[in-house]
Amino acid sequence: MVGAMLKDLALNQRDAYLQTLRDLAGLESPTADKEANDRVADFLSPLLRKDGWQVERVPKELVGDQVVARYDAPGDTSTLLLCHFDTVWPIGTLEKMPLKEEDDKFYGPGTMDMKAGITTAIHALRLIKNQGLALRGPVTLALTSDEEKGSQHSRGLIETLAKDHSRVLVLEPGREDGAVKIGRKGIGDFQVTFTGISAHAGNNPQDGASALRELAHFLLLAESLTDYDKGTSVNVTVAQAGSVSNVIAEEAHCQIDMRALKVEEAERVERTLKAYKPKDERVKVEVEGGINRPPMEFTEKNKVLFAEFEEAMTRVGVKLESAVVGGGSDGNFTSILGIPTLDGLGSAGEGPHARHEHIRIEETLERLALLVAMLTEA
Ligand SMILES: [Zn+2]
């Protein structure tokens, strides 16, 4: 089908699209609330079945159940669409931040990040089916429930599914200017515990081994690993030590936030932190945690997928920029496995995790057209 027609067809979905988004965003779903997330799974499963998807519910004990929906079609190019339905907003936020449509914007908690992305997936497949367009191959939609807390309970599922597909399209929102995301920084979290020897600071301080002093040495070393030219930052963001003012500190704790653009940089930081040798040998240091999300680099495979996306943009008549951004997503997991990955396709808008969170409706519908173009034969 001619791309320009795809764009018109997508723009015509406006009312139906906003209704689905309203329904989804109306179900509040903070990551920590399993029941609330289960209600989103309850809502999505029959809706997807009605649209012709094969729906599998993946039960989870500690977080919301996850949903994997499959749309079978002949063809060699299989696509995994990645979405999450948990949000950062606590229950009750809707009272203070009600859903509202104003000008060309749709506001509300969890709209941009990322119930609009889920809506884009649903309506793209609906449009493909209703227009009788030919898919390039099977499509799988993964809907997870713990992305905002690091995807600990869905990473395995995402990785298993990714290995079964020829490419991954992540329906997270684009950058605020609408750019799609071709690279993302990796994230590391470290928790460090220092255990020294307490002593009276007045009577026998020399018998003490200060955990706090060791933390200070460690902090300076950790932050010296920062290399802004390479896009690497290491910050000790939380620290606690000591008990009362006349006692040499027996215990100290700190937390570290690490961001890196390059896989080798993330590994360098992790290696160095874990190999730390205390200056005072009497203090024990335990470094826990590590790289939580590896960097998503603009690899050769990702470049090939992006070139396809450029063709889709030409076909539809929409031009989007591409960007490397600081935050991570589930696309980081699939890209590092060598599965071609492109992110930021789900919606355009502003203010993810902020009071003014909204999507720009028309631009988001153009992305729907782009997704249809990516999934179907030209
Ligand atoms: Zn998100």
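Here are some notes on a predicted model, point by point.

1. Ground rules. Residues are numbered from 1 along each chain as its sequence is written, and side-chain values use heavy atoms, with hydrogens and water left out. Because this is a predicted model, local features need pLDDT of at least 70 and side-chain atom pairs count only at pLDDT 80 or more, while totals for chains, interfaces and linings use all residues.

2. His84 sits in strand β3 (residues 79-84) and Glu172 in the loop between β7 (167-170) and β8 (180-184), so the pair ties together parts 88 residues apart in sequence. Strands (E, at least two residues) and helices (H or I, at least four) are DSSP runs, numbered from the N terminus.

3. Asn332, tucked away. Asn332 belongs to helix α10 (residues 331-336) and is buried, with a relative accessible area of 0%. Buried means under 20% relative accessible area, exposed over 50%, and partly exposed in between (1.4 Å probe, protein chains only). The Asn332 side chain reaches the backbone oxygen of Pro294 at 2.8 Å, and one of its polar atoms lies 3.1 Å from the backbone oxygen of Lys185.

4. Phe309 and the core. The largest nonpolar core has 62 residues, and Leu48 and Phe309 touch the most other members. Such a core is a set of buried Ala, Val, Leu, Ile, Met, Phe, Trp, Tyr and Cys residues joined through side-chain atoms within 4.5 Å. Phe309 counts as buried at 1% relative accessibility. Phe306 and Phe309 are 3 residues apart in helix α9 (residues 300-316), about one helical turn.

5. Aromatic pairs. How many aromatic pairs does a search of the whole structure find? The search turns up 5. Rings of Phe, Tyr and Trp (its six-membered ring) pair if their centres lie within 6.5 Å; planes under 30 degrees apart count as stacked, over 60 as edge-to-face and the rest as tilted. Phe194 and Phe218 have ring centres 5.5 Å apart and planes at 70°, so that pair is edge-to-face.

Conventions:
Polar contact = N/O pair within 3.5 Å; in protein donor to acceptor, adjacent residues only side chain to side chain.
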